[in-house]
Amino acid sequence: MSTDNKEADDDTMWCLALVFSIAVLFLSLVLQRRFALPAASSTISLFLQTADMLRKSTIKKITCCAACGIAEAGADDIKLKECATCDLVRYCSDACQKNHWPQHEEACKKRSTELRDELLFKQPESSHHGDCPICMLPLQLDLSKSSLYSCCSKLVCRGCSHANNIREWEERRDPLCPFCRQPLPTEKECNKHRMKRVEANDPYAIYRKGAEQYKKGEYSSAFEWYSKAAELGDAEAHFELSNMYRDGHGVEKDGGKDMYHLEEAAIGGHPEARRNLGIGEWNNGKTERAVKHWIIAAAQGEDDSIKFLLEKFRSGIVSKDDLADALRAHQAAVDSAKSPQREAAEEFYQEST
């Protein structure tokens, strides 16, 4: 059985399942009116769940190995596995997958590129800094407006730190961490705490260790720490690795790895990485992709991306509607990181400096 025929059967079975689900929905609505059964929202939710369940069950029934055509259903000892790169086909064995690769290669690469772009161009819910663990507002992109407490390895916004300092001063208390409420550690204790977090595989603590080594000029050591943090999903570490591959610090220059780590950082919510991706795509003549990156970064509050979009609008490349949407999203991101506490802290900081 060919892959095209199996996909056609897949679509047919899904359509039948959908028709059946619509019938279930209609019957449920009739019964709801007649017997005052659950509300329509619950009925629709039930409909969607039923449709998804039927879709999965029907697909499972007709799933076959793309190479030999053997079906999973009805053979307890045969478990098909998906192609690791795409979600298009399944195989009963490694031998079938290897034999089918010449026919599948083109479609596989095309689909994997599509899946990568779906992930890459998805708007992150927040920046890689996340939220302040106390006020639960997004941390500002400028990390100088946040403080890292080594006792609990938490980034706390300046507003919450300032409010904590005021409360301690008014109540004549000894300084405590605003989050974990432990006494603020000495420098020696800070180092001890940081190493504990490193040993516990805390990605941000490992990234900070790499940053220390990089500042000393120990690029090889920094690369190792950054790589470990990146493996654990730290977006900042991916961003620094991209810089190292771009500049050749501690490693040979590699444009491909530079772009890979930029993409991983951007997927992790790093606005600067997203901005740099846009610049790279623009330099490669990929205008549409560059603009997409800048729009996403602008929606995270990244200022330079707005400047790029304004420049491209004047050149007629970005539409008026797209620019207006980006400006609104940028302002919303900036406003979401504001609070009276943070404004008071900023005013105090400006007066004290």
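## A paired hairpin

Two strands are taken to pair if DSSP finds at least two bridges between them. In this predicted model, strand E3 (residues 146–149) and strand E4 (residues 154–157) meet that condition, pairing in the antiparallel sense over four bridges. Ser147 has Val156 in E4 as its bridge partner. The two strands, E3 and E4, form a hairpin with four residues between them, and in the turn Ser153 has a positive phi of about 55 degrees.

## Packing of H4 against H14

Helix H4 (residues 158–170) packs with helix H14 (residues 340–352) at an angle of about 75 degrees, the axes being 8 Å apart. H4 is therefore roughly perpendicular to H14. On the H4 side the contact is made by Arg158, Gly159, Cys160, His162 and Ala163, and on the H14 side by Gln341, Arg342, Ala344, Ala345, Glu346, Phe348 and Tyr349. Sorted by class, the contact of H4 with H14 has six nonpolar, three polar and three charged residues.

## Aromatic pairs

The count of aromatic pairs comes to six. One of them is formed by Tyr204 and Tyr207, a tilted pair with 5.6 Å centre to centre and 40 degrees between the planes. Both residues lie in helix H6 (residues 203–215), three residues apart, about one turn of the helix. Tyr204 is buried at a relative accessible area of 18%, and Tyr207 counts as buried at 10%.

Phe223 and Tyr245 form an edge-to-face pair, 5.9 Å centre to centre with 85 degrees between the planes. This pair links distant parts of the chain, since Phe223 belongs to helix H7 (residues 219–231) and Tyr245 to helix H8 (residues 235–247), 22 residues apart. Tyr245 is buried, with a relative accessible area of 9%. Ring pairs also link Tyr204, Tyr207 and Tyr226 into a cluster.

Note on methods:
Residues numbered from 1 in each chain as written. Predicted model: local features only at pLDDT ≥ 70, side-chain atom pairs only at ≥ 80, totals over all residues. Heavy atoms only, no water. Axes fitted to C-alpha atoms, helices over the stretch in contact; angles between N-to-C directions. Parallel < 35°, antiparallel > 145°, perpendicular 65-115°, else oblique. Contact = heavy atoms within 4.5 Å. Nonpolar A, V, L, I, M, F, W, Y, C, P; charged D, E, K, R; others polar. Phe/Tyr/Trp six-rings, centres within 6.5 Å; stacked < 30°, edge-to-face > 60°. Buried < 20%, exposed > 50% of the residue type's maximum accessible area, 1.4 Å probe, protein only.
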